[in-house]
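Colleague: I would like to go through this chain with you. Please tell me what each label rests on.

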Amino acid sequence: MVPVSIQDQLEQLRAGDRLKCHGLQWQVTDYSTYQDPNGYETAEWLLRSGGGTEYYLLREVDPQNPETLVHWYLASEIPHPALFQPNSEDNVLPNLWQDMQGQKAPYPELRCFGKNYYFESQTQGSYEGDEENTSRITWDYWDSSHQWNLAIEAWPDRELHVYTSKVVKPEEFSDIEKGVFTPTQTQDSRSISVAQVVAASLFLLVGLYLLIFG
């Protein structure tokens with residue numbers, strides 16, 4: 001059974017805190033929340049390694065799945081993504097923002113980096129961060145094993161972001177420290193060890209490998 005204290009500590013994370021995941025140290029540099037009128041909500045923490053690698057730790061509450069109400073994910077944005085329908089080589093990404101804002105029906109299936117994802121749900125709700133409050137439309141897709149998620153986010157200012165997420169468990173995190181740096185303070189590069197940079201890079205490469213071949 002997962003110790004309640006770990007989940008409680010994760011839920012209380014804020015910018016300026018620090019924690020470890022599989023032995024790697026990460027700084028919490030941002031915190032935001034998202035919710036829609038149907039009770040769906042997420043808390044999102046931006047984690048940054050000493051080498052500059054970024055991941056989002058997500059806590060999701062999904063009222064449509066009460067048996068497993070709370071889910072935890074580790075997400076990273078896909079740089080320069082391309083999305084395709086099955087049996088097509090036409091990238092749908094250029095028109096996707098307009099499709100989402102125009103309430104067009106989501107594509108039932110999309111392919112990204114050779115992996116197929118299947119549409120599961122969409123949300124439209126309010127995003128609250130340290131610097132802005134705005135709205136966001138999200139289309140959620142899952143692979144056939146339901147271990148990897150593909151999330152497409154459309155923002156009002158024509159921004160479109162694509163993320164891949166993997167299910168994680170709270171006990172994968174440890175050494176949570178509160179208020180160890182100011183949120184605007186970047187970690188002194190002189191304090192970053194080569195081992196930290198190499199470890200963070202390996203962590204990212206393993207994630208990308210699992211994304212493509214997992």
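Colleague: Where is Asp-130 found?

Modeller: Asp-130 sits in the loop between strand 7 (115-128) and strand 8 (133-142). Strands (E, at least two residues) and helices (H or I, at least four) are DSSP runs, numbered from the N terminus. One caution: this is a predicted model, where local features need pLDDT of at least 70 and side-chain atom pairs count only at pLDDT 80 or more, while totals for chains, interfaces and linings use all residues. Residues are numbered from 1 along each chain as its sequence is written, and side-chain values use heavy atoms, with hydrogens and water left out.

Colleague: Why does Asp-130 count as exposed?

Modeller: Exposed means over 50% relative accessible area, buried means under 20%, and partly exposed is in between (1.4 Å probe, protein chains only). Asp-130 has 57% relative accessibility, so Asp-130 counts as exposed.

Colleague: What makes a negative surface patch here, and which residues form the patch?

Modeller: The residues are Glu-77, Asp-130, Glu-131, Glu-132, Asp-157 and Glu-159. Patches are made of residues with over 30% relative accessible area and no salt bridge, with like charges joined within 9 Å and nonpolar side chains (Val, Leu, Ile, Met, Phe, Trp, Tyr) within 5 Å. Asp and Glu count as negative, Lys and Arg as positive; His and the chain ends are not counted. The place of a charge is CG of Asp, CD of Glu, NZ of Lys or CZ of Arg. Accessible areas come from the Shrake-Rupley method with a 1.4 Å probe; for residues, only the protein chains shown count as cover.

Colleague: How many helices and strands does the chain have?

Modeller: The chain has three helices and eleven strands.

Colleague: How do you know that strand 1 and strand 2 pair?

Modeller: Two strands pair if DSSP finds at least two bridges between them. Strand 1 (residues 18-21) and strand 2 (residues 24-35) are joined by four bridges and run antiparallel. Arg-18 stands opposite Gln-27 in strand 2. The two strands form a hairpin with two residues between them, and His-22 in the turn has a positive phi of about 50°.

Colleague: What else does strand 2 pair with?

Modeller: Nine bridges join strand 2 to strand 3 (residues 41-49), again antiparallel. Here the bridge partner of Gln-27 is Arg-48. This hairpin has five residues between its strands, and Gly-39 in the turn has a positive phi of about 95°. Strand 2 also pairs with strand 7 in the antiparallel sense, over three bridges. In that pairing Tyr-34 stands opposite Tyr-127.

Colleague: Why is the contact of Arg-111 and Glu-89 called a salt bridge?

Modeller: A salt bridge is a side-chain nitrogen of Lys or Arg within 4 Å of a carboxyl oxygen of Asp or Glu. The closest N and O atoms of Arg-111 and Glu-89 are 3.4 Å apart, and the pair forms a salt bridge. Arg-111 lies in strand 6 (residues 109-112) and Glu-89 in the loop between strand 5 (70-77) and helix 2 (96-101), so the pair ties together parts that are 22 residues apart in sequence.

Colleague: Are these two partners buried or exposed?

Modeller: Arg-111 has 17% relative accessibility, so Arg-111 counts as buried. Glu-89 has a relative accessible area of 65%, so Glu-89 is exposed.

Colleague: What makes Asp-143 and Lys-115 a salt bridge?

Modeller: Their side chains meet at 3.7 Å, N to O. Asp-143 lies in the loop between strand 8 and strand 9 (148-154) and Lys-115 in strand 7, so the pair ties together parts that are 28 residues apart in sequence. Asp-143 is buried because its relative accessible area is 6%. Lys-115 counts as buried because its relative accessibility is 10%.

Colleague: Which residues are linked in a network of salt bridges?

Modeller: Glu-44, Arg-136 and Glu-153 are linked in this way. Arg-136 and Glu-153 meet at 3.5 Å, N to O. Both Arg-136 and Glu-153 are buried.

Colleague: Why does Phe-113 count as partly exposed?

Modeller: Phe-113 has 41% relative accessibility, so Phe-113 counts as partly exposed. Its place is in the loop between strand 6 and strand 7. Phe-113 has a positive phi of about 50° although it is not a glycine. Most residues other than glycine have a negative phi.
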